[in-house]
Amino acid sequence: MTGTHMIVLPGGGYAEHASHEAEPVVDWLGDLGVRASVFRYPLRARHPEPLNALRAEIRRRRAAGAQRIGLIRFSAGGHLAGLAALAPGASPDEAVDFAVLGYAITSMETETYRPARAILLGEDAGPELRRSTSLDSLVTPQSPPFFVWHTAEDPYVPAEHTYRLAAALAAGQVPHAVHVFAHGPHSLGLARNAGEAAIWTTLAEAWILEQA
């Protein structure tokens, strides 16, 4: 799959980059025959700096020969990847072809995981800014396909975030796959030896290969 490149965005609440959601994911994708790299986006930076940095990385990968760009991300990295896939204003060479989100922050309108929202938008972010950076409000029928997974027990980013995005994708008739597992904490990464949630990589493998 020389024409496809996946960019891995580790989580960390926009305050750090979780190492177990970085190179191990690149190695897993490599085993599938998918080229991938980690992109460590700017931390503790206000919107749209992280988004602009990711779009520059997408342009760089396309200039290097990638014909299709996929994003795979976790937690706050999932929010950033969702913005890159959904937010208006991207040029053709910044387009995202498909996206995989794990236990992602999707909404800035809920009161959950306030620290990440405060870093990205500021403590006094108004309703319009919060709405314009919430993924469910950005979905259109032209949005790229999504694979989304979560655990119902996640105490930091509730599964509501995935449900909100899934409902918007369904309403927009955007191709998507959604999996919510009954058990498991936040920040599972590849979720090896994590019970039922460990199957997410098997489910995602078939989906990714179909997109790539």
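Does Y14 count as buried or exposed, and at what relative accessibility? At 1% relative accessibility, Y14 counts as buried (buried is under 20% relative accessible area, exposed over 50%, partly exposed in between, with a 1.4 Å probe and protein chains only).

This is a predicted model, where local features need pLDDT of at least 70, side-chain atom pairs count only at pLDDT 80 or more, and totals for chains, interfaces and linings use all residues. Residues are numbered from 1 along each chain as its sequence is written, and side-chain values use heavy atoms, without hydrogens and water.

**Backbone**

Most residues other than glycine have a negative phi, and most peptide bonds are trans.

| Residue | Phi | Loop |
|---|---|---|
| Y14 | about 65 degrees | between β1 (4-9) and α1 (23-31) |

S187 is partly exposed, at a relative accessible area of 30%. The peptide bond from H47 to P48 is cis, with omega near 10 degrees. P48 sits in the loop between β2 (35-38) and α2 (49-63). Helices (H or I, at least four residues) and strands (E, at least two) are DSSP runs, numbered from the N terminus.

**Helix α6**

Helix α6 covers residues 160-171. Its buried residues are H161, T162, L165, A166, A168 and L169. Just after α6, Q173 takes a positive phi of about 55 degrees.

Note on methods:
Expected span 1.5 Å × (residues − 1).
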